[in-house]
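Here is a short report on one protein model. It covers a helix pair and a domain contact.

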Amino acid sequence: MHAWACTNRPEATAVNTRTPKLLILSLAVAGALAACGGDEPAATTAATPAAKPTLTLDESKLPAYNAFTAADLDPSIDACTDFGGYVNNKWLAANAIPGDRTSWGAFTILDERSVAVQHQLAEQAAAMSNATGIEKIVGDLWATGMDEAAVNAAGITPLSADLAAIDALSDGKSVAAWLRDNAAKGFNPLFGFGAEADFTDSANNIAYAMQGGLGLPDTTYYTDAAKKDKLDAYQAHVARVLTLSGVDAASANEQAAKVVAFETRLAKASKSSVELSRDVSLFYNPVSLADADKLTPNFSWTEFFASQGVAAPAKFSLAIPSFHQEVSAALGDTDIGTWQAYLRFHTVDGASPFLSSDFVAANYEFYGKTLNGQAEQTPRWKKVLGTIESGAGEALGQMYVQVAFPAESKAKMETLVANLSTALKGRIENLAWMSAQTKAKALAKLATFTPKIGYPDKWRDLSGLATSRDGYLANVRAANTFNYRFNLSKIGKPVDKSEWGMTPQTVNAYYNPLANEIVFPAAILQPPFFDPNADDALNYGGIGAVIGHEMTHGFDDQGSRFGPTGNMENWWTDADSKGFAGLTGKLVNQFNQYTVGDQHVNGSLTLGENIADLGGLATAYDAYKAATAGQEVAPIDGMSGDQRFFANWATVWRTKYTPENAKVRLATDPHAPAQFRASGAPSNLPAFAAAFQCKAGSAMSRQGDDHIVIW
């Protein structure tokens, strides 16, 4: 569960998508560098749900939960051969992927429920007369986003000034000035820039500049011959967008070729998803402004910081320096026509979801249909909610928890977290492969974990975000600028440990190594993950394993590079580090054997998540057995408690993908395909083999060198 990302809603184009936010090791989100949508002002408000105005929720309009039942089991499949299939195949065969989705399963079904709640709340906010505060923000974004007639009438007019400014560019210096000016407004198509905790002084924020500039999901889409069809389709998309923006067809085709060639050049100087996923240190390259200016002579970082209103820092992280060097070189040797085509395309393409229907259709046709196999456009109301989530997610979150998060869920979660922590402590103490010296450091780190459950203790102050009913794109840009400006205000200041990297309505969870915290938003605390009325087996196999998963991220191949305070430091003995690498190497090989069609899972790309799945499930099982010790756990529907524990784990990973989306995920997602998460971790646990009476050597009862225990 490793990503610099937050939400995963189809066609929900994020605001400020290239600004780094948190190094999040998340439960289910795919992606590389993306924004979490927020950046918070110094002032916050107590996180007691507001008393005004009264919000209501009609439960009858919400989709049903997808909880585990014994009727889901497929007796024609041997649980000891294919456990994921045994639990999920019957359900998967009976349920099609909705046309507006590229995957369907436990996560997305629960997301549909969360979105349905948000839908009701947004409509209520928009209907309020004289609304103020968060209700006005949500209502204005909703009303202008849903006014399709007004958006269509405006066409591309909202971008007229932007396109004129691009047409006026004359050389590399003017391009650099354009990049500075637009970055200050929160739009930077070329590279990511924002505040994050210092890797070696995690109590304080510094600035990070990241690679970016690509329209395709990963560098391999530009360099791998097997993905040539997608690169060709992307070039056609670039030409289509340029044509829609007013460029004649012949010129648009020529310019599209230049854009793709330029992005290919950037891709060759960038790091791939695999490289970024497996070496967190790539994000941290501290330099002075003077040294950065020498590295990129055609792009002055001194001028850039000044233009963003940020005081000159003693250092900042110029991550992936090879990328920034290539940008500098391009500012000196690339013809202005190529730069203009590139900037014009990304300006229009980035705004397409907020423009008239022809732009929206073009955006869907490529990113949704061609790239991910999405059969039909996402309904407009869902796309508008995605925009609110990206631009003002915590405003909607404050409303969400008023109607959709019972207090008893938080109380029971606190007990579960405590029990999982005790179980993980016991597992660390009993590791056979780790020395006492390293164990002591690991236990010290575990003792400092900070759990966050439901929603923030302090709400973000959004009073500076000015929205209106005048125009959709204007509101989106207002949110974008507001969020970006606040993000920059954190540079050089202490980290606010009360911040969250996800909104309460997000169906996910995460671990942040820089804060050494585990976070569980309200929306995931529902079936099949969590049900206050369910038996312990289901809750420990669901949310218990999720808790264990996030805890184990503190000790995966990247999280283990950070210490108890959140600083990047080596707390391992050389021998233990070598032993850990040997074990994780075996897990890489194990997942390399799984295939989707003719493509193998990338065990290196997915290593961190696979470590977390394995450790999290084992820890959850120990916690479950401790919680039920001395009790008689009666069978339910003919299944023992242990069997129900593992069955709910598999239910959580009940997911099917479009073929196109599966290919994108195999190339870019640090999470293994869901069917292998359902079976991979249990196959390494003797408790699973005992529960289902699997014979030694069966696929779900690994033996000898093929049986892996890490945490």
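Is the crossing of H22 and H23 right-handed or left-handed? The crossing of H22 and H23 is right-handed: the near helix is turned clockwise from the far one by less than a right angle.

## Basis

This is a predicted model, in which local features need pLDDT of at least 70, side-chain atom pairs count only at pLDDT 80 or more, and totals for chains, interfaces and linings use all residues. Residues are numbered from 1 along each chain as its sequence is written, and side-chain values use heavy atoms, without hydrogens and water.

## The helix pair

H22 spans residues 607-627 and H23 spans residues 641-652. Helices are DSSP runs (H or I, at least four residues), numbered from the N terminus. The two axes come within 11 Å and cross at roughly 150°. Axes are lines fitted to C-alpha atoms over the stretch in contact, with angles from 0 to 180 degrees between N-to-C directions. H22 and H23 are therefore roughly antiparallel (angle over 145 degrees).

H22 contributes Asp613, Leu617, Ala620, Tyr621, Tyr624 and Lys625 to the contact (heavy atoms within 4.5 Å). H23 contributes Gly641, Asp642, Phe645, Phe646 and Trp649.

## The domain contact

Domain 1 covers 77-114 + 406-457 + 496-692, and domain 2 covers 188-354. These bounds come from an automatic or database domain assignment. The C-alpha centres of the two domains lie 33 Å apart. Domain 1 gives 20 residues to the contact and domain 2 gives 19 residues.

About 1,500 Å² is buried between the domains, 58% of it from carbon and sulfur atoms. Buried area is the accessible area (1.4 Å probe) that two parts lose on being put together, summed over both. In domain 1, Leu514, Gln558 and Met568 lose the most area to domain 2, together 33% of what that side buries.

Methods: Helices (H or I, at least four residues) and strands (E, at least two) are DSSP runs, numbered from the N terminus. Angles under 35 degrees count as roughly parallel, over 145 as roughly antiparallel, 65 to 115 as roughly perpendicular and the rest as oblique.
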